[in-house]
Structures are given as C-alpha cells and as structure tokens.
Amino acid sequence: ADAALTEGALKSQEFPRWAAREMAQAYALLANNAYDQDRRDLAWNTYFLSSQIEPNIPAYNRLAFMAFRRQDYRLAVEFWGRSVKLNDDQAGIHSNLGQVYLQHRDDAGRALVHLLRAAQLDPRSAAELKPWIERAKEQSQR
C-alpha cells in the first residue's frame, strides 16, 4: 500500500491543481482510516504524502499531533506552524503551539505570541489560557 501511495503522490505533480487537491483529501481520509486501525506508520506516511501533494491543514494537524504523542516537540511545532500559515484562525492550534513552545521548547516569546492569538481568536478560552499567558510573560522577561 505504501509503495502505491508514494507512486500516486509522485504522479500528482502532473495533475491539474483541483485533482491534486482532491487527491490530497483522499490521502488524508485513507490516513485517518489507517490511524483508526492502529497502523500508525502507514497513517504517518499517508498524512505526509497528503501534505506533499497539496499543503493542507488536516494532514499538518494530524502529523503534529502524532509527533507530539511521540514527544517529538520540534516536529510537532513545525507541522502546527505550517498549519497556521495556511489558516491563522485556528485558536486551538495556536493554544497547542503556545503550550508546547513554553513547556517543551523553552521559547517563552513564541509561546506568548501563540497564546495571545489563541485568546484573541477564542475569548471564551482566555480564562483557561491566562495561567499559560502569565507564565510565558514571566519567563520571557528573564
């Protein structure tokens, strides 16, 4: 399956943009299925191929989540960062980025930017994010 998916992804460069976009969506759905069947390596590869065919938020967010679960925080922030570049209006992803930057990447400045953006996008989460924001402010002043 992996080889066929890789071959398809390579051929996608020859497709019209709309077809490549639909193919990327199909790969993300296949990856969801693999993930649900606990075939994590296949899921990872298929999400990655989906993001290579056409950069897309679902693949980037799932790759970030999987990297986070493996405690690969550098890769998690890389994929979540790509996701918010595609759509900056993802409060939950900004919250994830802020917390990971603060707790695991020792970057209070970046954490603060993302935490404040999350609170701005979702004012209902401001109370929940307040301790994180205060901690990021405190650490960034050191």
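Begin by selecting H4. At 1.5 Å a residue, its 13 residues should span 18 Å, and the end C-alpha atoms are 18 Å apart, which agrees. The model on screen is a predicted one.

Stay on H4 and colour its buried residues: Ala59, Tyr60, Asn61, Leu63, Ala64, Met66 and Ala67. What lies over them? The cover of these buried residues includes H2, H3, H5 and H6.

**The whole chain**

Now zoom out. The chain has 8 helices and 0 strands, and along the sequence the pattern reads α-α-α-α-α-α-α-α. Along the principal axes, the C-alpha atoms fill a box of roughly 50 × 30 × 25 Å. Of the 142 residues, 44% count as buried. Among contacts between residues at least 6 apart in sequence, 45% join residues at least 24 apart.

**Helix H2**

Select residues 17-36, which form helix H2. How does the span of H2 compare with what 1.5 Å a residue should give? The 20 residues should span 28 Å, and the end C-alpha atoms are 29 Å apart, which agrees.

Next, show the side chains of the buried residues of H2: Ala19, Ala20, Met23, Ala24, Tyr27, Ala28, Ala31, Ala34 and Tyr35. An α-helix has 3.6 residues a turn, so residues three or four places apart point the same way. What covers the buried residues of H2 includes helix H1 (2-11), helix H3 (40-53) and helix H4 (57-69).

Asp38 belongs to the loop between H2 and H3. Most residues other than glycine have a negative phi, and most peptide bonds are trans. Asp38 has its positive phi although it is not a glycine. Is Asp38 buried or exposed? With a relative accessible area of 54%, Asp38 is exposed.

Go on to Glu54, in the loop between H3 and H4. Glu54 has 12% relative accessibility and therefore counts as buried, the cut-off for buried being under 20%. Which residues does Glu54 touch, leaving out those up to four places away in sequence? They are Arg17, Ala20, Arg21 and Ala24. Two of the names, Ala20 and Ala24, are also among the buried residues of H2.

The next stop is Gln71, in the loop between H4 and helix H5 (73-86). Gln71 is another residue other than glycine with a positive phi, near 65°. At 59% relative accessibility, Gln71 counts as exposed.

Then select Asp89, in the loop between H5 and H6. Asp89 counts as exposed, at 53% relative accessibility. Leaving out residues up to four places away in sequence, Asp89 touches Arg117 and Leu121. For a distance across the model, pick the C-alpha atoms of Asp89 and Ala28: these residues are 61 apart along the chain, and the atoms are separated by 21 Å.

**H6 against H8**

Show helix H6 (residues 91-103) together with H8. Their axes come within 11 Å and cross at roughly 45°. That angle makes H6 oblique to H8. The crossing of H6 past H8 is left-handed.

To see where they meet, select Ser95, Gln99, Leu102 and Gln103 in H6, then Leu129, Trp132, Arg135, Ala136 and Gln139 in H8. By class, this contact has 4 nonpolar, 4 polar and 1 charged residues.

**H7 against H8**

Helix H7 (residues 108-121) and helix H8 (residues 126-140) pack at an angle of about 155°, and their axes are 9 Å apart. Are H7 and H8 roughly parallel or roughly antiparallel? Angles over 145 degrees count as roughly antiparallel, and H7 and H8 are therefore roughly antiparallel to each other. Their crossing is left-handed.

On the H7 side, select Ala108, Gly109, Ala111, Leu112, Leu115, Leu116, Ala118 and Ala119. On the H8 side, select Ala126, Leu129, Trp132, Ile133, Ala136, Lys137, Gln139 and Ser140. The contact of H7 with H8 has 12 nonpolar, 3 polar and 1 charged residues.

End on Trp132 of H8. Trp132 takes part in the contact with H7 and also meets H6.

Conventions: Residues are numbered from 1 along each chain as its sequence is written. This is a predicted model: local features need pLDDT of at least 70, side-chain atom pairs count only at pLDDT 80 or more; totals for chains, interfaces and linings use all residues. Side-chain values use heavy atoms; hydrogens and water are left out. Axes are lines fitted to C-alpha atoms, for helices over the stretch in contact, and angles run from 0 to 180 degrees between N-to-C directions. Helices (H or I, at least four residues) and strands (E, at least two) are DSSP runs, numbered from the N terminus. Angles under 35 degrees count as roughly parallel, over 145 as roughly antiparallel, 65 to 115 as roughly perpendicular and the rest as oblique. A crossing is left-handed if the near helix is turned anticlockwise from the far one by less than a right angle, and right-handed if clockwise. Contact means heavy atoms within 4.5 Å. Ala, Val, Leu, Ile, Met, Phe, Trp, Tyr, Cys and Pro count as nonpolar, Asp, Glu, Lys and Arg as charged, and the others, Gly among them, as polar. The expected span of a helix is 1.5 Å times one less than its number of residues. Buried means under 20% relative accessible area, exposed over 50%, partly exposed in between (1.4 Å probe, protein chains only).
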